[in-house]
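My notebook is open and I want to go through this one piece by piece. Here is what I am looking at.

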Amino acid sequence: MNTESITILAIESSCDDTAASVLHNGKILANIVCTQQVHINYGGVVPELASRAHQQQIVPVVHEALKKAQVTFQDITAIAYTQGPGLLGSLLVGSSFAKGLALALNKPLVSVHHMQGHILSHFIHSENPTPAFPFICLTVSGGHTQIVLLKDYFDMVILGETFDDAAGEAFDKSAKLLGLPYPGGPLIDKFAKNGNPLKFLFPTPKAEGYNFSFSGLKTSILNFVQKEVQKNPNFITENITDICASIQHKIVTILLDKLEKAAQHYGVQHIGLAGGVAANSALRKGIENVAQKNHWTAHIPPFEFCTDNAAMIAIAGYLKYKLGKIGQQSDSAQARMDFDIFTHS
Ligand code: KG4
Ligand code: ZN
């Protein structure tokens, strides 16, 4: 295997973003993401529509990535793709495409776990230093909320996760209660910028250890909003910035408290954020504050690598390929999937 010059073409299609990326020796040459607009009127992702949209978009998205990176199929060393977890129909489009391409070009395949991709986005080469091990990553997306301890790239232990809603869902469902369109997370962030985070106080849900639970929070927000709207039908519009700031403050405080406790317990000095909710401005600022307070280093990947993208699949595929972990045509797309754990030796 030539480990001097490695070019990875990566494909991500686990949910509602059709994405392709080209990476050369750890550096991203192209990162193309086509976010499906078809779900906007449904208040959530419609799996069947997602698969069809992936089918329509995957060829142009891959071509665009190659064009942007100024490489041809022949320049590609290996093809990485998201094997799971995610929507099965969506995963099947990306995995079938990647497998077909690998067969046609006679190139190796690398299967990647979507959440490991989110975490490993920290190791994309950029001007920012990459985290040292041990490293703890808080992965927060529309589907997952996990605190993961890394002793090495693929030596990962899940210290805690959500029992019910993910952090992104907590944002999106709260936004829906306020009549905001899907996905509401970025809108809560936007309104919160002009609001008072301590104006409305919501209870902290109980979850043991480093685990999370957000469904109770959603219910208390719903009860609170309904009660206030009965008294004043314009309550939401008149208080939208304070409501958003208070909801955001609660979710962010819950997340960062557990992250801080986990890092203190495991004596870890490098902490990071991954997943779509890592785009949240209060969470980004909050993790910097936690790091500063404890004399740790906070790592936050650039915005384009936080929401779903194929660059994170490319870096995970690159690191796996360098460790000789080549995938098979028989690897099947998996809606639920365990981390692929292994060490250097
Ligand atoms: O990682 P991602 O792009 O897709 C999944 O794998 O789920 O995460 C999408 C989630 C959505 O719930 C969206 O509302 C949330 O990330 N999100 C945000 C922000 N930007 C995206 N939540 C809060 N504040 C933001 N700025
Ligand atoms: Zn994701």
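This is a predicted model: local features need pLDDT of at least 70, side-chain atom pairs count only at pLDDT 80 or more; totals for chains, interfaces and linings use all residues.

Entry 1: I started with the area buried between domain 1 and domain 2, which comes to about 1400 Å². Carbon and sulfur atoms give 78% of that area. On the domain 1 side, I noted that M115, I119 and C306 lose the most area to domain 2, together 41% of what that side buries.

Which stretches belong to which domain? Domain 1 takes 7-120 plus 305-322, and domain 2 takes 129-300. Their C-alpha centres are 27 Å apart. I then looked up the contacts: 15 residues of domain 1 touch 15 residues of domain 2.

**Entry 2: what crosses the interface.** How many salt bridges does the rule find between domain 1 and domain 2? It finds zero. For polar contacts across the interface, the rule gives one residue pair, with both residues at pLDDT 80 or more. Next I checked which elements give two or more residues to the domain 1 side, and they are α3 (114-120) and α9 (311-322). The largest share comes from α3, with five residues. Sorted by type, that side has nine nonpolar residues, five polar ones and one charged one.

Entry 3: I picked H54 in helix α1, which runs over residues 47-69. Is H54 buried or exposed? H54 counts as buried because its relative accessibility is 0%, and the cut-off for buried is under 20%. Its side chain makes a polar contact with the side chain of Q36, at 3.3 Å. Leaving out residues up to four places away in sequence, H54 touches several others, among them S13, C15, D16, D17 and S90.

K67 is in helix α1 too. Here the relative accessibility is 64%, so K67 counts as exposed; the cut-off for that is over 50%. I also looked up K67 against V22: they are 45 residues apart in sequence, and their C-alpha atoms are 9.8 Å apart in space.

**Entry 4: helix α4.** Which residues of α4 (residues 167-177) are buried? I listed A167, G168, A170, F171, D172, S174 and A175. These buried residues pack against β6 (135-140), β7 (145-152), α5 (185-192), α6 (215-231) and α7 (235-265). After α4 comes G179, with a positive phi near 80°.

Entry 5: I went looking for cis peptide bonds. One runs from G84 to P85, with omega near -10°, and P85 sits in the loop between β4 (78-84) and α2 (88-105). Another joins F133 and P134, with omega about -5°. P134 is in the loop between α3 and β6.

Then I turned to positive phi values outside glycine. Q70 has a phi of about 55° and is not a glycine. Q70 lies in the loop between α1 and β4, and it counts as exposed because its relative accessibility is 73%. H295 is another residue other than glycine with a positive phi, near 60°. I found H295 in the loop between α8 (281-294) and β10 (297-299). With a relative accessible area of 69%, H295 is exposed.

Conventions: Residues are numbered from 1 along each chain as its sequence is written. Chains are lettered from A and ligands numbered from 1 in the order in which they are written. Side-chain values use heavy atoms; hydrogens and water are left out. Domain bounds come from an automatic or database domain assignment. Contact means heavy atoms within 4.5 Å. Buried area is the accessible area (1.4 Å probe) that two parts lose on being put together, summed over both. A salt bridge is a side-chain nitrogen of Lys or Arg within 4 Å of a carboxyl oxygen of Asp or Glu. A polar contact is a pair of N or O atoms within 3.5 Å; within protein, one must be able to donate a hydrogen and the other to accept it, and residues adjacent in sequence count only if both atoms are side-chain atoms. Helices (H or I, at least four residues) and strands (E, at least two) are DSSP runs, numbered from the N terminus. Ala, Val, Leu, Ile, Met, Phe, Trp, Tyr, Cys and Pro count as nonpolar, Asp, Glu, Lys and Arg as charged, and the others, Gly among them, as polar. Buried means under 20% relative accessible area, exposed over 50%, partly exposed in between (1.4 Å probe, protein chains only).
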